[in-house]
Amino acid sequence: MLGKLDLAQLDSIIQKTVEAIDKSKAELFDVAEVAKKEKKRIEEEYELSKHKVIDLGIEVKEIEKELIESKRKLLNANKYFEKFSEEEKRAAYEKTDNLRIELAVKREMEQMAIQRRNELELRVRDAAKMVERTDKLISAVGSAMSCLTGDLQSISVQLENIQQRQGMGMKIIKAQEEERKRVAREIHDGPAQSMSNVVLKAEICEKIMETDMEAAKAEIKSLKAVVKESLQDVRRIIYDLRPMSLDDLGLVPTIQRYINTYIELNGIPVILRTRGNAETLMSIVSLTVFRVTQEALSNIKKYAKAKNVSINLEFLQNDIMLTITDDGIGFDMEEVKKKNFDINSGFGLFGMRERVELLSGKIDITSEKGHGTRISARIPLSPEEVSQNG
Ligand SMILES: Nc1ncnc2c1ncn2[C@@H]1O[C@H](COP(=O)(O)OP(=O)(O)O)[C@@H](O)[C@H]1O
Ligand SMILES: [Mg+2]
């Protein structure tokens, strides 16, 4: 089972992972920055090399022209050699030779420049690819991180849900166990004791019957009273477990019947108003509504000193609204909250809240000293958690 600590640990792991990714993202930004600068530098160099190739080309062309001219002159000098001095002829030779050498050098330089330009062209392409790749990587890391944090966070939310469910299950089991204890104690204190009393009284009867019939009759009379009483106890215990009439008669008639008895026994006027109806009501829903009503009325009897009590039961499209109001002495909510509500005390205010929330419902309990008490609960007609209630 996952404890609270594990969730905290998980959160810190998520936090650290996110931080690590954030850091590498920042580093990636640096890399991208460097790659962009490098690309720009190579591009500039490439531009220069292109111009150099063009310039050298022009120079080569010019030298070629000059060489042609020089060759032509040399040809003339040879043709009409009598017109040219030896000096002039040698100069023409030298110039042509020099131009040839110069052309060869320039052509070599041009070739080198072309090679450099081609190399730079490739490097520009590589640098562009590198920039593109780092950009892609940055956006990939960004979306990976949002995926990761989203997923991890939802995992922790899911784990929390699971824990809550586990907690819920434990509460239900505990509540069931407490309820069994309560019933066992009630049977033990009530009917079980009465029954042993009955056996005892029956034995006394047996003995005195032969000698004193009148005393035996009196004993049987008291025996009858004990049996009657414990029969009532048994009925009450069964009723407290689950009023059968909830299934037989339905929610509203059962509440009405309960109120009628309540008024008769306690003399507190209770008015029940209903609006709408539900064709079929899940039994856990009607039981919860009944229990909240029962506990509220029991508290009113015990504490409120109320003159008027009203119960409103409204069937809405998806919910059932229950409101119980009394004009009694009220109580200090903070004070009562501080009291530790023992689950053994039965279906108290705390239990009301538990049960209603277990059905994904909402309950509001408001009270003020001297201003009465109001309990209003909204319970979904088809609560999701019901499957867990067993
Ligand atoms: N309708 C009411 N009017 C006045 N006080 C109330 C009313 N309902 C509850 N209380 C106060 O709130 C306390 C808690 O009620 P509850 O949870 O039902 O526990 P318990 O009934 O076992 O005392 C009561 O002890 C009482 O002081
Ligand atoms: Mg109570």
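**Close-up views of a predicted model**

View 1. Lys305 belongs to the loop that runs between α6 and β2 (309–315). Its phi is near 55°, a positive value in a residue other than glycine. Most residues other than glycine have a negative phi.

**View 2. Ser360, a partly exposed residue in a loop.** Ser360 sits in the loop between α8 (349–358) and β4 (362–367). Although Ser360 is not a glycine, its phi is positive, at about 60°. The relative accessible area of Ser360 is 39%, so this residue is partly exposed: the value falls between the 20% and 50% cut-offs.

**View 3. The magnesium ion (ligand 2) and its protein donors.** Which residues provide the protein donors of the magnesium ion? They are Glu295, through OE, and Asn299, through OD1. Are Glu295 and Asn299 buried or exposed? Glu295 is buried, and Asn299 is buried too.

**View 4. The domains of the protein.** The protein is divided into domain 1 (4–169), domain 2 (179–237) and domain 3 (243–389). Taken over C-alpha atoms, the centres of domain 2 and domain 3 are 35 Å apart.

How values were computed: Residues are numbered from 1 along each chain as its sequence is written. Chains are lettered from A and ligands numbered from 1 in the order in which they are written. This is a predicted model: local features need pLDDT of at least 70, side-chain atom pairs count only at pLDDT 80 or more; totals for chains, interfaces and linings use all residues. Side-chain values use heavy atoms; hydrogens and water are left out. Donors are N, O and S atoms within 2.8 Å of the metal (3.2 Å for Na, K and Ca); water is not among the atoms, so sites may look incomplete. Buried means under 20% relative accessible area, exposed over 50%, partly exposed in between (1.4 Å probe, protein chains only). Domain bounds come from an automatic or database domain assignment. Helices (H or I, at least four residues) and strands (E, at least two) are DSSP runs, numbered from the N terminus.
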